[in-house]
Amino acid sequence: SCLPCAHGQDSGVGAPACTEQYRTWLIPVVTVLSLVVVLLLVIAALLKLRQNRRTKRVIAAAPQGIVTLVFTDVQDSTALWDTMPVGVMKAALVLHDQILRQLLVKHRGYEVKTEGDAFMIAFWAADDAVEFAVEAQVQLLEAPWDPQLLEFPSCTTVLASDNTTVLFSGLRVRMGMHTGMPDVEFSRENHRADYFGQAVNCAARVAALASGGQILLSVDTVQALTPVAPGQVPGFEVLPLGPFKLKGIVREKEIYHLIPARLRQREFPAIQAPVSTYWTDADEVVQKCNRCSRPLRCQRCRAESAEGSITSPTSIVSAPRSAQVTAMLYSARRASRQLPGNTASVDEQRKPSVVTPSSEPQSSPLSK
């Protein structure tokens, strides 16, 4: 016999089928759910298409290919926030941001991102980047800063020897730029184009060498500038400072000082470039330890066994004398260590040679 259904009726053949009642409302429910799923998929596809179009539009508006990247940063900003009233610093940064944003639009710049008081800007042409930096330094000097801000040591007004020409006043902003081919990607954080790669690292390192109110260029940016036409007087000078070892950059980079004609009397301290204590041989091949086949730059086997092959540095590249002295002292401390199982020190086995940096670029690069 057939089992009774929920209504007490048999579900056999000829009995009133309760399944018909379930079918009457189950089919519409399934249909509605299917339509909802399809609608959600269509909405998701449209949103994805819109996002892709927006991404392409943003990337298309950003400089691509060979671009000039500019980094700016306010000198002593942390100390200023600790010393100055919050209202004074907020007003100063608003004025600072307003000046930079107006000028980057004027010179076809693209604001990549900001971090605190630091700007990262991309330009289609090196000439636009240089004109932006020159005009920015002049306008920052002439800006109406709060008198309370001018009491801070690095913001005080500094006059030239004639006691009339103002050289420094208000926030001092360091600037550095490099020209290269970075990778361009869409940033979901700020919905703008962002840049990655060695070109970005180089531009940031060049800016880090500058002092407040100073503009530094890499040799790549200088080479990308349009030559001055005969009889034309540029509004700036470009002076070579020599080769420098930049942090994270294997090869030395020639650095130039961009001096606006209006501010040619400004003076800056010597650049303190970082010095690497590692080296490679003249053929640019990292030599290996005879004992463990590790690169010699790890230094471990050299301290564990006298069997490790020791290679002297081919060069220690540094512009400032104090940095080279630091590197020489570092080598001297390592040479004075006694190796286990051997009374002879590293210095006694093979004395490292230090090549004094010359005005010409060194032939062998330094590794990180």
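1. A residue is called buried here when its relative accessible area is under 20%, exposed when over 50%, and partly exposed in between (1.4 Å probe, protein chains only). On that criterion, the buried residues of helix 4 are A126, D128, A129, V130, F132, A133, V134, A136, Q137, V138, L140 and L141. Helices (H or I, at least four residues) and strands (E, at least two) are DSSP runs, numbered from the N terminus.

2. The model is predicted: local features need pLDDT of at least 70 and side-chain atom pairs count only at pLDDT 80 or more, while totals for chains, interfaces and linings use all residues. Residues are numbered from 1 along each chain as its sequence is written, and side-chain values use heavy atoms, with hydrogens and water left out.

3. As to the chain overall, the secondary structure comprises nine helices and eleven strands. Of the 368 residues, 41% are buried. Contacts (heavy atoms within 4.5 Å) with a separation of 6 or more are, for 69% of them, between residues 24 or more positions apart. The accessible surface (Shrake-Rupley method, 1.4 Å probe; for residues, only the protein chains shown count as cover) amounts to about 20700 Å², and carbon and sulfur atoms contribute 56% of that area.

4. Because twelve of its 17 residues are buried, helix 4 is largely enclosed by the rest of the structure.

5. T68, in strand 1 (residues 67-74), is buried with a relative accessible area of 1%. Its side chain forms a polar contact of 2.9 Å with that of T179. Such a contact is a pair of N or O atoms within 3.5 Å; within protein, one must be able to donate a hydrogen and the other to accept it, and residues adjacent in sequence count only if both atoms are side-chain atoms. Beyond its neighbours within four places in sequence, T68 touches residues including F123, A126, A129 and T179.

6. Two aromatic pairs are found in a search of the whole structure. The rings of F123 and F132 have centres 5.3 Å apart and planes at 45°, so this pair is tilted. The criterion is that rings of Phe, Tyr and Trp (its six-membered ring) pair if their centres lie within 6.5 Å, with planes under 30 degrees apart counted as stacked, over 60 as edge-to-face and the rest as tilted. F123 has a relative accessible area of 0% and is buried; F132 is likewise buried, at 0%.

7. F168 and F268 form an edge-to-face pair, 5.9 Å centre to centre with 90° between the planes. F168 lies in strand 5 (residues 166-168) and F268 in the loop between strand 11 and helix 7 (300-304), so the pair ties together parts 100 residues apart in sequence. F168 is buried at 7% relative accessible area, whereas F268 is partly exposed at 21%.

8. The charged end of R172 sits over the ring of F168, 4.2 Å from its centre. R192 lies over the face of Y110, 4.4 Å from the ring centre. The assignment requires NZ of Lys or CZ of Arg within 6 Å of the ring centre and within 35 degrees of the ring normal.

9. H257 belongs to strand 11 (residues 253-260) and is buried, with a relative accessible area of 11%. Excluding neighbours within four places in sequence, the contacts of H257 include Q214, E237 and F268.
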